[in-house]
Amino acid sequence: MTGTQWLDDEEQRAWRAFVRMQGRLTARLNRQLQTDSGLSLADYEVLVQLTDTADGRLRPFELQRCLHWEQSRLSHHLTRMQRRGLIGREECTEDGRGAFIVLTDAGRDAITAAAPGHVDTVRSLFLDGLTRDQIAALRQVSEQVLGRLDATADTDD
């Protein structure tokens, strides 16, 4: 006996529904962005982080922390985005070994063009089907789970 507390039927249905929903929603959002703007959902996530800063620049470790990506995934993805002109790299004058990831004009134009369609899709597929109380409950549940994840974070998270 392992001591594992297995999921009961209701917990199992809730968990599996959540996993299916998350996977399907991510796939649809990615498809919409690709079709409408040529950006992937990953591109969009990076660009959002950069546009959320006053000067449009972050150190790679800051991006990694915000996105919760593996270092190799981030490095490869940033290289692809740089080849497409969406981001650039600048040396960090305070730290000769470090660099900044910088939003380019093309990157800002890309997210500006992509955002309206993305928001419309988020609304139509997700938010418009929920009541205000359900949205509040979803936020509360999400924040509670995120708090547990933060409290149990290990070094590679």
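View 1. With a relative accessible area of 43%, Arg 139 is partly exposed (from 20% to 50%; buried is under 20% and exposed over 50%, with a 1.4 Å probe and protein chains only). Arg 139 forms a salt bridge with Glu 143, the closest N and O atoms being 3.0 Å apart; the term denotes a side-chain nitrogen of Lys or Arg within 4 Å of a carboxyl oxygen of Asp or Glu. The two residues are four apart in helix H6 (residues 132-151), about one helical turn. Helices are DSSP runs (H or I) of at least four residues and strands (E) of at least two, numbered from the N terminus. This is a predicted model, in which local features need pLDDT of at least 70 and side-chain atom pairs count only at pLDDT 80 or more, while totals for chains, interfaces and linings use all residues. Residues are numbered from 1 along each chain as its sequence is written, and side-chain values use heavy atoms, leaving out hydrogens and water.

**View 2. The salt bridge of Asp 43 and Arg 84.** The N to O distance is 2.9 Å. Asp 43 lies in helix H2 (residues 41-51) and Arg 84 in the loop between helix H4 (71-83) and strand E2 (87-92), so the pair ties together parts 41 residues apart in sequence. Asp 43 is buried, at 2% relative accessible area, whereas Arg 84 is partly exposed, at 41%.

**View 3. The salt bridge of Glu 10 and Arg 13.** The side chains of Glu 10 and Arg 13 meet at 2.8 Å, N to O. Both residues lie in helix H1, three residues apart.
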